[in-house]
Amino acid sequence: MDVLSDVIAVMRTGRPRSAHVRWHAPWGQEFASVPGSAGFQVILQGSCWLLTPDAEPVPLGVGDVVFLPHGSGHTLADSPKTLVTAPACGPDDPRLSEPYASDSVDRTGDGGPVTVVLCGTYQLDPSRTHPLLRDLPDRIHLPAHPDRHPELRSAVELLAAELEHPGLGTDAAVPALLDTLLLYILRIWFNEQPARGNTTGWAAALNDPPVTAALHAIHRAPAAPWTVAKLAAEAGLSRAPFARRFATLIGQPPLSYLTWWRMTTAARLLRASDAPLKSVATQVGYASEFAFANAFKRTHGTAPGTFRRRS
């Protein structure tokens, strides 16, 4: 698997939620801050404003996508001057009893303009947060443009159609479409970063061919007996320049990242399967179950068996 696909597979836990919501002006809806989650808003019809405590109001129009990778609190409203009185939408909101909903809020309205929003949230495991996600800003805004991001528009249209007109297979289609939407949002954002002059961090790393080649090698075969020299060969560089380049962009040496990824992969295997510990150890590059257990405990603070039982 490539790095971004792996990150999405590892970071999410539980089932994502999504809703297709219609508002009649005047309206406003607060979305509570939920650490350990990520959310998105897509404007399907009409317009509205994104309001956050620490930034100027942002106008949103049809096709605009807003992604909040750290679960930051925010408000959507028909106008920055609208008084928001409705309860904040959060994990315990009774309106979220169903994971996928098509809801019409304020059905009667008062004749004001209509805004339709596709919103959703992903539950994340903070203990497995990939540094790629920690590098993201609190808010990613992808403005609509008729000649850009056709794949993102297609994913949005398919997801909206499933929520508005559910049918046979919707419970299987929606999670897959939510993951696809997340992948396109992240891919687009990272692809657009070089023009903004980033020189370090994951945005720069994923646009640096040598470092990306090494990362793909690690993610493709985490159990391989990697050394700095072998990873440098994958990157097409000599050992010392590669190690410096990798550490500068990623923030840690190549073998440190390798160990972290192996332990993150091991945690996923322990949660998702009943494979024997020796099998898990082998899948992440340890010939000895004892050596694997020691490495796992150093990373996660508990033995693999205990971790599995608690999970």
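Guide: Welcome! Glu192 is found in the loop between α4 (170–191) and α5 (202–205); helices are DSSP runs of H or I with at least four residues, numbered from the N terminus. This is a predicted model, where local features need pLDDT of at least 70, side-chain atom pairs count only at pLDDT 80 or more, and totals for chains, interfaces and linings use all residues. Residues are numbered from 1 along each chain as its sequence is written, and side-chain values use heavy atoms, leaving out hydrogens and water.

Visitor: Why is Glu192 called buried?

Guide: Buried means under 20% relative accessible area, exposed over 50%, and partly exposed in between (1.4 Å probe, protein chains only). Glu192 has 19%, so Glu192 counts as buried.

Visitor: What makes the pair Glu192 and His149 a polar contact?

Guide: The term needs a pair of N or O atoms within 3.5 Å; within protein, one must be able to donate a hydrogen and the other to accept it, and residues adjacent in sequence count only if both atoms are side-chain atoms. The side chains of Glu192 and His149 are joined at 3.4 Å, so the pair qualifies.

Visitor: Which residues of α11 are buried?

Guide: Phe292, Ala295 and Phe296 are. On the other side of α11, Phe290 and Arg298 are exposed.

How values were computed:
Helix = DSSP H or I, 4+ residues; strand = E, 2+ residues; numbered from the N terminus.
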